[in-house]
Amino acid sequence: MGFKCGIVGLPNVGKSTLFNALTSAAQAAVANYPFCTIEPNVGRVPVPDEDLDTVAKLAHSASVVPTFLEVVDIAGLVRGASKGEGLGNRFLANIREVDAILHVVRCFEDELVTHVEGGVDPIRDIELIETELMIADLESVERQLEGLTKRARGGDKDAKAQIELFERIKVALEAGKPARTVTLAEGTAEAAHLPLLTAKPVLYVANVEEAAAATGNAQSARVAARAKEEGAEMVVVSAAIEAEIAALGDSAEKREFLEGLGLEEPGLHRVIRAGYRLLGLIRFLTAGPKEARAWTVPKGATAREAAGAIHTDFAKGFICAETIALADYLSLGGEQPAKEKGRMRQEGRDYVVQDGDVLLFRFNV
């Protein structure tokens, strides 16, 4: 399964620097001028997982394979992007292809780095980007309503049901509210499945100066308050520092550097995990002599669906999933001790997989 997070924001807020740090490579051009990223850059980013490393040691696995997120670096949007300003139309099309948005917001002052709006104000920047996306969505909704209305006149019952939802989305957008705030008919689910820019879940990444990497600053506090209001995720990082940390690899020098900044881990780890949560994903683990591996499935996935994430044959011939809770696997010292203590259980096809479950599938094809 592929899951894409798109990095968006105004030009010169640190998007490409963040992307380079995430992918530990200078794949995106970083320059002090707008539109230095012309085509979206894509990187596969491993999700940090200390539990997987421990499971691998207990299982004496020869290799460790983490689960991944796909991250897309999308060039900076500007005021008027929805009307084609800058490279707006192309950029908006790129955003439509991702599952969630990592919205990078500038929260640092630097007279050497220009700001397209003339000064640092993260809330203004958030609202500017959101407005451009809502304008684009409103135009899309109006077009879809025209088509749905014609189909409804022809007796299409599904079209009639969709009209009610899109009318509510239109009202929300006209009131300055993103599509993700509109619930479906039952009033419980978000409209995130719709092909709209503002229906996508958002993670705000507050990019601060080096001195504020561990604690944040007054501007990032404003972003945190905004995220809390929206029920969105928010992470504080210093993209420039994260790029330096990434360049150090896994070394003693890196650990000393983190300690000097007052950080327990790179901020990027928090960004990746938050992006994972944002998409409503969990991981289950498999472990054996050849490899220990993390697999990605949506929260609420059944054992049969998890088996299918490995191979379709596993799902077709599913018999059972031999399951050990992660906490038991770690505390008891691996598969065999867990089995001896009666902590391994057989689960059927409808069992709802829990985050971190260590699974062994039995199947017959």
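Q: Helices here are DSSP runs of H or I with at least four residues, numbered from the N terminus. In this predicted model, which residue with a positive phi follows α9?
A: Helix α9 covers residues 267-278 and has twelve residues. The residue that comes after α9 has a phi near 70°, and this residue is Gly280.

Q: How far does helix α9 reach from its first C-alpha to its last?
A: Several residues of α9 are buried, among them Leu268, Val271, Ile272 and Leu278. With twelve residues and 1.5 Å a residue, the helix would be expected to span 16 Å, and the computed reach is close to that, at 16 Å.

Q: Is Asn12, which has a positive phi although it is not a glycine, buried or exposed?
A: Most residues other than glycine have a negative phi. Asn12, in the loop between β1 (4-8) and α1 (15-23), has instead a positive phi of about 65°. Its relative accessibility is 12%, and because the cut-off for this class is under 20%, Asn12 counts as buried.

Q: Is His60, another residue with a positive phi that is not a glycine, buried or exposed?
A: His60 lies in the loop between α2 (50-59) and β3 (63-65), and its phi is about 55°. The relative accessible area of His60 is 67%, and since the cut-off for this class is over 50%, His60 is exposed.

Q: What is the N to O distance in the salt bridge between Asp125 and Arg124?
A: Side chains of opposite charge can pair when their charged atoms come close. Asp125 is buried at 4% relative accessibility, whereas Arg124 is partly exposed at 24%. The side chains of these two residues, Asp125 and Arg124, meet in a salt bridge with an N to O distance of 2.9 Å.

Q: Which residue forms a salt bridge with Arg345?
A: Arg345 is partly exposed, with a relative accessible area of 29%. The closest N and O atoms of the pair are 2.6 Å apart, and the partner of Arg345 is Glu347.

Q: Which arginine is linked in a network of salt bridges with Asp49, Asp51 and Asp355?
A: The model has a count of 18 salt bridges. Asp49, Asp51 and Asp355 are linked in one network with Arg283.

Q: Where is Asp110, a member of a patch of negative charge on the surface, placed in the chain?
A: Asp110 gathers in this patch with Glu109, Glu111 and Glu209, and Asp110 counts as partly exposed at 31% relative accessibility. The place of Asp110 is in the loop between β5 (100-106) and α4 (122-153).

Q: How far apart in space are Leu330 and Leu58, C-alpha to C-alpha?
A: Leu330 is in helix α12 and is partly exposed at 27% relative accessibility. Leu330 and Leu58 are 272 residues apart in sequence, and in space their C-alpha to C-alpha distance is 8.1 Å.

Conventions
Residues numbered from 1 in each chain as written. Predicted model: local features only at pLDDT ≥ 70, side-chain atom pairs only at ≥ 80, totals over all residues. Heavy atoms only, no water. Salt bridge = Lys/Arg side-chain N within 4 Å of Asp/Glu carboxyl O. Buried < 20%, exposed > 50% of the residue type's maximum accessible area, 1.4 Å probe, protein only. Patch = residues over 30% accessible without salt bridge, like charges linked within 9 Å, V, L, I, M, F, W, Y side chains within 5 Å. Areas by Shrake-Rupley, 256 points an atom, 1.4 Å probe, with all protein chains shown as cover. Lys, Arg positive; Asp, Glu negative; His and termini not counted. Charge placed at Lys NZ, Arg CZ, Asp CG, Glu CD. Helix = DSSP H or I, 4+ residues; strand = E, 2+ residues; numbered from the N terminus. Expected span 1.5 Å × (residues − 1).
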